[in-house]
Amino acid sequence: MTAPAGVRCMLLRGGTSKGGYFLAEDLPAEPALRDDLLLRIMGSPDARQIDGLGGAHPLTSKVAVVRPSTGPDTDVDYLFLQVGVGTADVSSRQNCGNLLAGVGPFAVERGLVAPGRAETSVRIRMLNTGDLATATFPTPEGRVSYEGAAEISGVPGAAAPVVIDFPPGSSPLLPTGSVRDTLAGASVTCVDNGMPTVLIAASALRLTGYEDPRALEADPALTRRIREIRLAAGPLMGLGDVTNATVPKVSLLAPPRHGGTVSTRTFIPVRCHTSIGVLGAASVAAGLRIAGGVGEDVARLPANGDRLRIEHPTGFLDIESAVERGAGGSLPMAGRTAVVRTARKIFDGTVFPRPA
Ligand code: NQM
């Protein structure tokens, strides 16, 4: 038997996630062939991913596919793929703002974008949603540097900052057309500021909202309830049947305990996030700013400024988030959103997939 061919791959931590980054030209163009190859590279569908790169958790079973952009105002196109853990699924139905943090550095490392002398800004088109982002990071002497003093909760140590800016959104923040909906008997606010997310007060599920994520995932009555709410939200949010989808996420809200704006526990959507996704946080932040939403009763919005501090199980995520009122009573729209992440190259080389 001939050994399977190796595939060029860079492993990066992007924010609080980790994934394999590939140039599109290094993968099959046909999605079914590409996905089959990625399952074998990541070690799925084995739940331990023992024979591949994946880390046996959705946050470490991620892939970024990057190519020069075919868009008019962007440098690179980024397709995010969530590789199933314990299942043979590869999904492009959601975006990932954490892996997004590694896309700019990867694009410079692979020669898709020329670095600036001190820092580089890369304009990224996110193919999953069509949304845009600009990532700015240090490139002293024209090389990507991962060393720096920025710290983000959920990652030990410090690294170079990657500042990510999302321009004002072009679609309304409330995909159901309502500030509040009742889903499976629960009052919720459904928001999409880059990640479809259902907001619900933890108290409505008889929780404090400060529970350990592992305890929440291990509660069968709660996970059944979250699933009911999610399945009801799917069609109402324009997502159709979400039985096997990774969206919408469900974020439980509670009053902040550490001086922030709100405390969160976020189901993504089966496992409970150990922190919170970037775009998940962007959707929570925008939802808190919408008058009449379920966050109104729990959040402590700052008197001034756009910066909100979203508390999560391993710390907090600061995010600048503005919401613009729709003209003439129409639905609110996202204003600018910005966040600081870090990223780090872990290895660059050739990965050998499990044989087909
Ligand atoms: O919301 C996890 C993560 C994410 C997604 C998830 C993300 C985002 O933390 O932008 O980054 O919600 O599946 O990587």
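No disulfides (pairs of cysteine sulfur atoms within 2.5 Å) are present in the structure. Cys190 counts as buried because its relative accessibility is 0%. Buried means under 20% relative accessible area, exposed over 50%, and partly exposed in between, with a 1.4 Å probe and protein chains only. Cys272 is in no disulfide either; for this residue the nearest cysteine sulfur is that of Cys96, at 16 Å. Cys272 is buried as well, at 1% relative accessibility.

The model is predicted: local features need pLDDT of at least 70, side-chain atom pairs count only at pLDDT 80 or more, and totals for chains, interfaces and linings use all residues. Residues are numbered from 1 along each chain as its sequence is written, and side-chain values use heavy atoms, with hydrogens and water left out.

A search of the whole structure gave one aromatic pair. Its members are Tyr21 and Phe106, in a tilted arrangement, with 5.7 Å between centres and 50° between planes. Rings of Phe, Tyr and Trp (its six-membered ring) pair if their centres lie within 6.5 Å; planes under 30 degrees apart count as stacked, over 60 as edge-to-face, and the rest as tilted. The pair links distant parts of the chain, 85 residues apart. Tyr21 lies in strand β2 (residues 17-23) and Phe106 in helix α2 (residues 97-109). Helices (H or I, at least four residues) and strands (E, at least two) are DSSP runs, numbered from the N terminus. Tyr21 is buried, at 0% relative accessibility. Phe106 is buried at 0%.
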